[in-house]
Amino acid sequence: MENINTTIATSEKKDKFLEVLSTLDFTTENPTFLQHRITSQNELNELDFPTSKTEYWKYTRVGKIVNNTYTLGQPEKIDVSDFLIPNLDAQVLVIINGHVVADLSDFTSVDGVTLTSLSHAKKQNFEGLKKHFNQFTQDKKEIFLAFNNAFHTDGIYLEVAKNKIIEKPLHIINITTGNNTISQSRNLFLANVGSQVKIIESFVNVNGEKNFNNHVSELIISENAIMEYNKIQDKKETNFSIVTEQVYQEANSNFTINTATFNGALVRNNLNIEVDASNCETNLNGLYLGKNKDHIDNHTVVDHKKPHCNSNEIYRGVLDNESTGVFNGKVFVRPNAQKTNAFQQNNNILLTDNATVNSKPELEIYADDVKCSHGSTTGQIDEEAIFYLQSRGISKKGALKLMINAFAKDALERISIEALQAYIDNKIEERFI
Amino acid sequence: MIKIKNLHANIDGKEILKGINLEVKAGEVHAIMGPNGSGKSTLSSVLAGREEFEVTEGSVEFDGKDLLDLAPEDRAREGLFLAFQYPIEIPGVSNINFLKTAINEKRAYLNQEPVSAKEFLGMVKEKSALVELDAKLANRSVNEGFSGGEKKRNEIFQMAMLTPKLAILDETDSGLDIDALRIVANGVNKLKSPNNATIVITHYQRLLDYIIPDFVHVLYDGKIVKSGSKDLALELEEKGYDWIKNESPL
Ligand SMILES: Nc1ncnc2c1ncn2[C@@H]1O[C@H](COP(=O)(O)OP(=O)(O)OP(=O)(O)O)[C@@H](O)[C@H]1O
Ligand SMILES: [Mg+2]
């Protein structure tokens, strides 16, 4: 009986979501892409919101998100200057509540770079988009991904031509506004053979409580290409984010993702990386600083399918007050993936007795000639070290700051954009003043 | 400089310091000796402001201020320095960076201008040469992977950088080879002036051949049971502590 009841309850919640999202009109969309939506809508019939029994969501209750009643987030014109990164010369693109707002963006067209809204790219029926859109999300039966597949509005389409090296980083400012709004943004970044590109995306909000952004990015790194994707999550008010990245690496490619999470009532990151060719390098690093009742969850998957690849993963968390951190990192080494080097580490500092961490690093290895290691630690800040620093004349807060910076450093050393590094350092500093 | 009066301190309800009286004046060097577990490091910890120890009685006046009333960092900023018996390792925190922060926090406290990059580098160069600390060590994380002797040298390097009024050296000599001992002692002597003072805690008379004390005190069971000139150290070396224990009124 109980089971039936919960099913009814969750499907009612799903219906409420569907009701709001069904008002979006996609009838004019290019049929190829419309078909994807219809397929996903059918998938949604079979899916339900996760419960405490859903393994993939074991440590993250989505009640806060799914019990809320939403209205659709709308494009707006707002001042984005607060979100620019000082001393950064970048192409700036702005997404507001799942809509690309061209007037707020600041970019110049560059040879060999296609930079536009996803909706425009669909209209143009770009080859790269057709080939890769929804390429490897199809067999994944995850409800939030299915919602985005079916009802995403807009986002950024970036395609870098063969052998093109983009000097200026791309800075996407992905903003949510308003109370109880829902938005589903969607990006696709395609680095063609031999190209190089650096991207920053800031996930922020302007006012508004309990808004929910369900975001998906697809990232394709072709042969010999290099991509660095830096994510800053900093939603100040009580807002919810689920962010999914689907990353696909081809031979000799190099992909780095850095995720820095500073705020957010509920943040869930699903990072799925498929390394489907040899000689790839993958770096996935993250830093999360939780405070108050923040709940920050990072789920990562690196799937090594072919031989001779390296992956390095360091996630570090500092959890204050009553905040919670969740880390689940899976590394698969498939039978074919001999000579894989996979390194994974998660370390956490709890600043109070009421902060918690659930850390679960997992290795699944089906090849025999590999080097893999993983580890997880959770501890308090070293009081002896704090005293040592104080005894040299540094205030307790200053000592804490030094210790936390030192702890965080390894997790962010792969950020190659100096201005961004400084910006993040500064944010860490501000947190511990 | 420092006046310690009838200082009592507990840890976990157990009394460790049982009424310490000691006065150190500017320009003086005092040596404190005493058997293991007698309370020497406890005394230094209490003076540096370690919170685990509870002061139950007594007072400490440092340069006219109530030392026990100050936070550990303010004690340091007022000019107190403790070279730890067991310096800890702080991975990821650079020696140089933290010293710069320390110096600037001290300067801000004293309403002075922050140190310039150039001035600071000059200081690092000069002071690391003084204690013959490898420049590479100065740039590494605090004590991380340092040998025992290197850690002790790093303590004296920090002391040289911070120019304290009162330095307490807690067994800085133990674990040092003969050359290092001479180097460290030299460093201490070079930093000596009529305006500052030093308390050296040691088990070995040997150090006192290099750093000549004006007074030697024997700490035993939480109290100073005997004080004298530098000859007292020689006498202790010869006769051991049993002699003092027997003389002790306890
Ligand atoms: N944190 C602590 N908890 C409990 N007891 C302690 C603590 N620290 C020191 N003590 C006790 O206090 C006493 C004095 O210790 P202290 O370290 O001051 O001795 P010491 O004179 O410096 O000895 P040594 O010559 O071995 O360095 C010892 O009996 C020690 O066990
Ligand atoms: Mg001791």
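1. The model is a predicted one. Chain A contains nine helices and 21 strands, and 59% of its 433 residues count as buried.

2. The overall dimensions of chain A fit the globule rule. The radius of gyration is 21 Å, which agrees with the value near 22 Å that a compact globule of 433 residues would have. Along the principal axes, the C-alpha atoms fill a box of roughly 70 × 55 × 50 Å. Chain A exposes about 17100 Å², and carbon and sulfur atoms supply 47% of that area.

3. The corresponding values for chain B follow. The chain has 10 helices and 12 strands. Of its contacts with a separation of 6 or more, 70% are between residues 24 or more positions apart. Of the 250 residues in chain B, 54% count as buried.

4. Chain B also agrees with the globule rule: for 250 residues a compact globule would have a radius of gyration near 18 Å, and chain B has 18 Å. Its C-alpha trace spans about 55 × 40 × 35 Å along the principal axes. The accessible surface of chain B comes to about 11200 Å², with 47% belonging to carbon and sulfur atoms.

5. Which residues of chain B lie closest to ligand 1? They are B:G37, B:K40, B:S41, B:T42 and B:H203, out of 14 residues that surround the ligand. By class, this shell is made up of three nonpolar, eight polar and three charged residues.

6. A backbone N or O atom of B:G37 is 2.9 Å from an oxygen atom of the ligand. For B:K40, a side-chain N or O atom is 2.8 Å from a ligand oxygen. For B:E171, a side-chain N or O atom is 3.3 Å from an oxygen atom of ligand 1. On its own, ligand 1 has 640 Å² of accessible area, and the protein covers 65% of this.

7. Which elements give two or more residues to the ligand shell? In chain B, these are β2 (14–24) and α1 (40–48). The element that gives the most is α1(B), with three residues.

8. B:V218 sits in strand β11 of chain B, which runs over residues 215–220. Is this residue buried or exposed? With 0% relative accessibility, B:V218 counts as buried, since the cut-off for that class is under 20%. B:V218 and B:M33 are separated by 185 residues in sequence, yet their C-alpha atoms are 5.0 Å apart in space.

9. The contacts of B:V218, leaving out residues up to four places away in sequence, include B:M33, B:L232, B:L236, B:Y241 and B:I244. Also touched by B:V218 are B:K223, B:I224, B:V225 and B:K226.

10. A:N30 is placed in the loop between α1 (2–21) and α2 (31–46) of chain A. A polar atom of the A:N30 side chain lies 3.0 Å from the backbone oxygen of A:K122. Beyond neighbours within four places in sequence, A:N30 is in contact with A:K122 and A:N125.

11. Most residues other than glycine have a negative phi. In chain A, phi of A:N224 is near 60°, a positive value. The residue A:N224 belongs to the loop between β10 (212–221) and β11 (226–234) of chain A. With a relative accessible area of 42%, A:N224 is partly exposed.

12. The second case is B:N111, where phi is positive at about 55° although the residue is not a glycine. B:N111 is found in the loop between α3 (95–109) and α4 (117–130) of chain B. Is B:N111 buried or exposed? Its relative accessible area is 74%, so B:N111 is exposed.

Definitions and conventions
Residues numbered from 1 in each chain as written. Chains lettered and ligands numbered in written order. Predicted model: local features only at pLDDT ≥ 70, side-chain atom pairs only at ≥ 80, totals over all residues. Heavy atoms only, no water. Near = heavy atom within 4 Å. Polar contact = N/O pair within 3.5 Å; in protein donor to acceptor, adjacent residues only side chain to side chain. Areas by Shrake-Rupley, 256 points an atom, 1.4 Å probe, with all protein chains shown as cover. Helix = DSSP H or I, 4+ residues; strand = E, 2+ residues; numbered from the N terminus. Nonpolar A, V, L, I, M, F, W, Y, C, P; charged D, E, K, R; others polar. Rg over C-alpha atoms; globule rule 2.2 N^0.38 Å. Buried < 20%, exposed > 50% of the residue type's maximum accessible area, 1.4 Å probe, protein only. Contact = heavy atoms within 4.5 Å.
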